[in-house]
Amino acid sequence: MPLIGTFGAGAARGFGQGGGSSPFICATGGTTSTDGDYTIHTFTSPGTFCVSKLAVAPADNNVDYLVVAGGGGSAASRGGGGGAGGYRESAGTATGCYTASPLGSGVAAIAIACTGGIAVTVGGGGVGFQPGPRQGGDGSNSTFSSITSTGGGGGGGGGPPPSSPGRNGGSGGGGGGEQQTGGGSGNSPPVSPPQGNSGGPGSGPNGTVGGGGGATQSGSSNGNTFGTAGCGGDGAGTQINPAAGTSGSSGPLRYFAGGGASNGNASPLPGGEGGGGSSPDNPNGTGKVNTGGGGAGGCAGGSGVVIIRYKSA
């Protein structure tokens, strides 16, 4: 947690404020890039956002953020898809000039109060099918300052019975399909706006399997045919870092936190847009790294990401 800024005797501003040639924040950490007048720090693994100098204007000490947790792993043998990692984002109004996802609407940026380091945690993806519980593993949390995004819930186990429900998480895992099982709850624990959605239920005895929930959409069960896979819920798109390669998709928006498709006898249906396993931009079952996508077909979820953006010119 950053310390409160202090003022020396007779000083016109606090230590670490102003000074130097730039009137804006100076900081290090992660992979640094620029977008016009703004600097972006992208953390794909744990690190420290280290502020060496504050901006002269208080408004320029506000930083926008995206915090995505690791996605849940999926189960095999008609097991459920992994839920996406929790998705939390500010509205983008502090640093302007880009489009945030609707999930960031009305969410304030973080005010940096003083110089020093702020720990950043990037959650790993949950493991795939585990022979013991026959469920996918939960993803791990990602954090920045006061913001915590919860790892995605693992997918529920399928055959042979008994099936198991999807696990709760940022987004919930899909339910296993040999029996009637529930999808895991999303937005668990609850935050506002919600960080994710529920997984689709399994609706046995016909073996319909639930897809994992995504940032903007619940997972589906997709009918009632034996062994039918369910789609993962869609992720959320943002321009907080417009650079190519910063998510599981291309185009003007970068998508994160898509739910994984479930595992069925038929060809897997798509995972959710934004890194979900078996999604159009990621055809294999593993959730794409640094997207928070849920796994599909018994594969692991994708690791999360933390992105920080502020005015620097």
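The lining of the largest pocket is made up of 10 polar, 3 nonpolar and 1 charged residues. This pocket, found in a predicted model, holds about 180 Å³ of space. Thr42, Thr44, Gly245, Thr246 and Ser247 are the closest to its centre among the 14 lining residues.

**Confidence of the model**
- The chain has a mean pLDDT of 86, and 86% of its residues score 70 or more.
- Residues 1-19 have a pLDDT below 50. In the model, this stretch makes 24 contacts beyond near neighbours in sequence.

**Salt bridge between Asp35 and Arg309**
- The structure contains 2 salt bridges.
- One of them joins Asp35 to Arg309, with 3.0 Å between the closest N and O atoms.
- Asp35 belongs to strand β2 (residues 31-35) and Arg309 to strand β15 (residues 305-311), so this pair ties together parts of the chain that are 274 residues apart in sequence.
- Arg309 counts as buried because its relative accessibility is 0%.

**Salt bridge between Arg167 and Asp138**
- A salt bridge also links the side chains of Arg167 and Asp138, at an N to O distance of 2.8 Å.
- Arg167 is in the loop between β10 and β11, while Asp138 is in the loop between β8 (116-121) and β9 (142-144); the pair therefore ties together parts 29 residues apart in sequence.
- Arg167 is partly exposed, at 36% relative accessibility.
- Asp138 is likewise partly exposed, with a relative accessible area of 32%.

- Thr150 is located in the loop between β10 (147-149) and β11 (180-181).
- With a relative accessibility of 14%, Thr150 counts as buried, because the class covers values under 20%.
- Leaving aside residues up to four places away in sequence, Thr150 touches Ala69, Gly85, Gly86, Asn141, Gly169, Gly170, Ser188, Pro189 and Gln195.
- Thr150 and Gly196 are 46 residues apart along the chain, and their C-alpha atoms are separated by 9.2 Å.

Conventions:
Residues are numbered from 1 along each chain as its sequence is written. This is a predicted model: local features need pLDDT of at least 70, side-chain atom pairs count only at pLDDT 80 or more; totals for chains, interfaces and linings use all residues. Side-chain values use heavy atoms; hydrogens and water are left out. On a 1 Å grid over the protein atoms alone, a cavity is a set of points where a 1.4 Å probe fits but cannot get out, and a pocket is an open set with protein on both sides within 12 Å along at least five of seven lines; lining residues have an atom within 4 Å of a point. Grid points are joined across faces, edges and corners, and a volume is the space filled by probe spheres set on the points. Ala, Val, Leu, Ile, Met, Phe, Trp, Tyr, Cys and Pro count as nonpolar, Asp, Glu, Lys and Arg as charged, and the others, Gly among them, as polar. pLDDT is the predictor's confidence in each residue, from 0 to 100. Contact means heavy atoms within 4.5 Å. Helices (H or I, at least four residues) and strands (E, at least two) are DSSP runs, numbered from the N terminus. Buried means under 20% relative accessible area, exposed over 50%, partly exposed in between (1.4 Å probe, protein chains only). A salt bridge is a side-chain nitrogen of Lys or Arg within 4 Å of a carboxyl oxygen of Asp or Glu.
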